[in-house]
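Welcome, and thanks for taking a look at this one with us.

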Amino acid sequence: MDSFQREWITNFLHSFPHVTFSFKLNNSTFNPDDVEYRESIIFLAILPVVLFVLFLIISLCCTCYQCKKERPQKRVKSCCPAGIIGIIIFVAIAAAAIGLYGNEKTDDGVNDFNDAVKDVNKTLTEALKTINRMHGIATNLADRTIPELERVLLDIILNQTVKTQIGAFTKDMLDQSTKAKTDIKNLLDRTPDVNLDFISDNTTTGEFIRWTTTVVVLSVILFVLVVSLCGCCKRSRCLLATSISFGFLILFLSWIMNGVYLGGSVTNADLCVDPESFIENVVNERIEKEIIKTYIKCKDDGAAGKYSQDISEALSAVTLANETLSKIYNVSISLSILHKVERPITAVRTQLNYGFGNLTALSNVFQCQRTHDNYLTIKEAVCNTVIFNMSLILAAFLLLSFLLSLTQCILPKMWHLSGKRRGTGYRPVDDTDPFVPRPPPYQDYGSLYGIGSPLGPSNDAINMTGGPPLDSPPPAYSVRGFGESRHTRSHSTTSSET
């Protein structure tokens with residue numbers, strides 16, 4: 001009974017419109033030999049590249065705008081761009097991790113597919129080898145071993161009645177072996193000489209390329225994202241410039257991977273909607289359609305249809321030949337000539353038993369259940385495991401592409417605001433401070449006793465009249481005012497005493 005259940009993602013991907021290069025809607029039935037179907041898959045794969053061009057233009061515009069924008073003289077302490085980039089990068093790293101997980105699960109599904117294909121190929125190869133051996137045994141019995149036994153018996157037996165009886169026995173054995181030979185020849189003609197190694201070999205090679213490419217691209221994306229995060233945290237213009245430069249590369253790679261996985265996922269979905277019809281059409285020229293249905297559906301008693309009929313008839317012929325040989329053996333015992341004919345009888349018996357055992361094993365090989373189980377394993381691997389996880393990788397790359405595009409627009413802003421700035425020489429000072437250095441145009445301004453100084457011109461008289469030391473007056477006081485104040489106080493005191 002078929003226990004396979006198709007995933008919802010298969011129907012979703014199969015429903016994608018299949019548009020040719022001439023913008024005509026095409027049938028979504030899986031048919032890789034059809035030119036229009038191939039065009040529709042390529043068209044789907046090109047769509048992400050068109051989106052890449054659009055996002056590339058937007059990112060370049062953002063970068064050029066920030067490069068031409070005048071850099072602020074004062075460092076802007078804004079954490080908003082850095083916080084946004086940090087959130088985006090962490091989400092992108094999570095998406096890349098999901099992509100790596102889906103990549104491993106897809107590889108597991110492909111390995112299951114290869115194992116099932118190899119088992120089917122092993123079944124077909126063993127069956128073909130067994131049939132060839134059986135055909136050789138039947139030919140040897142009919143052309144050599146039984147005629148030799150007949151000749152030995154007829155040479156030894158003198159009684160004409162016994163000779164006639166032995167002749168009838170050997171003729172019956174010869175007829176049965178000839179019939180078995182014919183049945184086995186029919187089996188050989190119906191069994192195709194098919195080698196499925198090329199399928200597993202090509203799949204292994206393609207899967208290695210797919211797995212390696214996906215891991216490398218996701219690893220490069222993770223590396224650039226980590227560099228971007230470090231650049232934002234350290235506000236390093238060098239790291240940010242490196243991230244922006246490599247960001248365009250990984251943006252291109254991510255959109256390319258989107259196209260590859262979109263086309264591959266839709267193709268697998270188209271195949272998995274009706275895989276039986278595709279298999280029947282492919283092998284119809286080499287294997288009969290009824291036999292294919294027998295192994296795909298496996299709804300009968302487990303026998304392999306016409307194969308089972310030929311095997312059963314060959315088994316019956318071998319059994320009858322063995323029974324006839326037992327009669328000859330008994331006659332030989334009764335005539336006391338067993339020691340003379342034991343060797344050819346043993347040779348015939350050995351070949352008949354060997355043929356019977358091989359035919360029994362061949363009957364088990366041609367049972368539909370084993371091949372049907374492998375077919376279900378292939379469908380489960382390709383149509384469930386591979387499609388679901390390829391869709392997971394597609395979603396991861398799609399999210400990464402949008403996040404990387406957004407990052408490419410914000411990183412130039414961070415680059416614009418980051419880095420060390422050289423001092424301009426400006427300090428907030430008090431212009432009335434006489435000790436503040438002045439530029440050359442303001443000659444003598446700000447010197448301790450220069451012209452325009454609050455202390456006035458330098459002379460010894462001021463210093464001799466009790467003025468403060470040269471390095472002691474604070475900016476708010478002047479020596480002239482201090483002296484005048486003291487002289488005024490002294491004159492007032494003298495007047496009051498008088």
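## The disulfide

C272 and C383 are both buried. In this predicted model, the two cysteines are joined by a disulfide, with an S to S distance of 2.0 Å. A search of the whole structure finds one disulfide. The pair links distant parts of the chain, with C272 in helix α6 (residues 237-273) and C383 in helix α11 (residues 368-417), 111 residues apart.

What is the handedness of this disulfide? The torsion about the S-S bond of C272 and C383 is about -85°, so the disulfide is left-handed. Another cysteine, C238, counts as exposed because its relative accessibility is 57%, and the cut-off for exposed is over 50%.

## Salt bridges

Six salt bridges turn up when the whole structure is searched. One of them pairs E276 with K379, whose closest N and O atoms are 3.1 Å apart. This pair also links distant parts of the chain: E276 sits in helix α7 (residues 275-283) and K379 in helix α11, 103 residues apart. Both partners count as buried, E276 at 12% relative accessibility and K379 at 6%.

Between D143 and K181, the side chains meet in a salt bridge at 3.8 Å, N to O. Because D143 lies in helix α3 and K181 in helix α4 (residues 160-190), the pair ties together parts that are 38 residues apart in sequence. Here D143 is exposed, with a relative accessible area of 54%, while K181 is partly exposed at 24%. R210 and E207 form a salt bridge too, with their closest N and O atoms 2.7 Å apart. These two residues both lie in helix α5 (residues 197-234), three residues apart, about one turn of the helix, and both are buried.

Most residues other than glycine have a negative phi. F23 lies in the loop between β1 (18-19) and β2 (25-26), and F23 counts as exposed at 65% relative accessibility.

Within helix α8 (residues 289-297), the buried residues include I291, I292, T294, Y295 and I296.

Notes. Residues are numbered from 1 along each chain as its sequence is written. This is a predicted model: local features need pLDDT of at least 70, side-chain atom pairs count only at pLDDT 80 or more; totals for chains, interfaces and linings use all residues. Side-chain values use heavy atoms; hydrogens and water are left out. Helices (H or I, at least four residues) and strands (E, at least two) are DSSP runs, numbered from the N terminus. Buried means under 20% relative accessible area, exposed over 50%, partly exposed in between (1.4 Å probe, protein chains only). A disulfide is a pair of cysteine sulfur atoms within 2.5 Å. A salt bridge is a side-chain nitrogen of Lys or Arg within 4 Å of a carboxyl oxygen of Asp or Glu.
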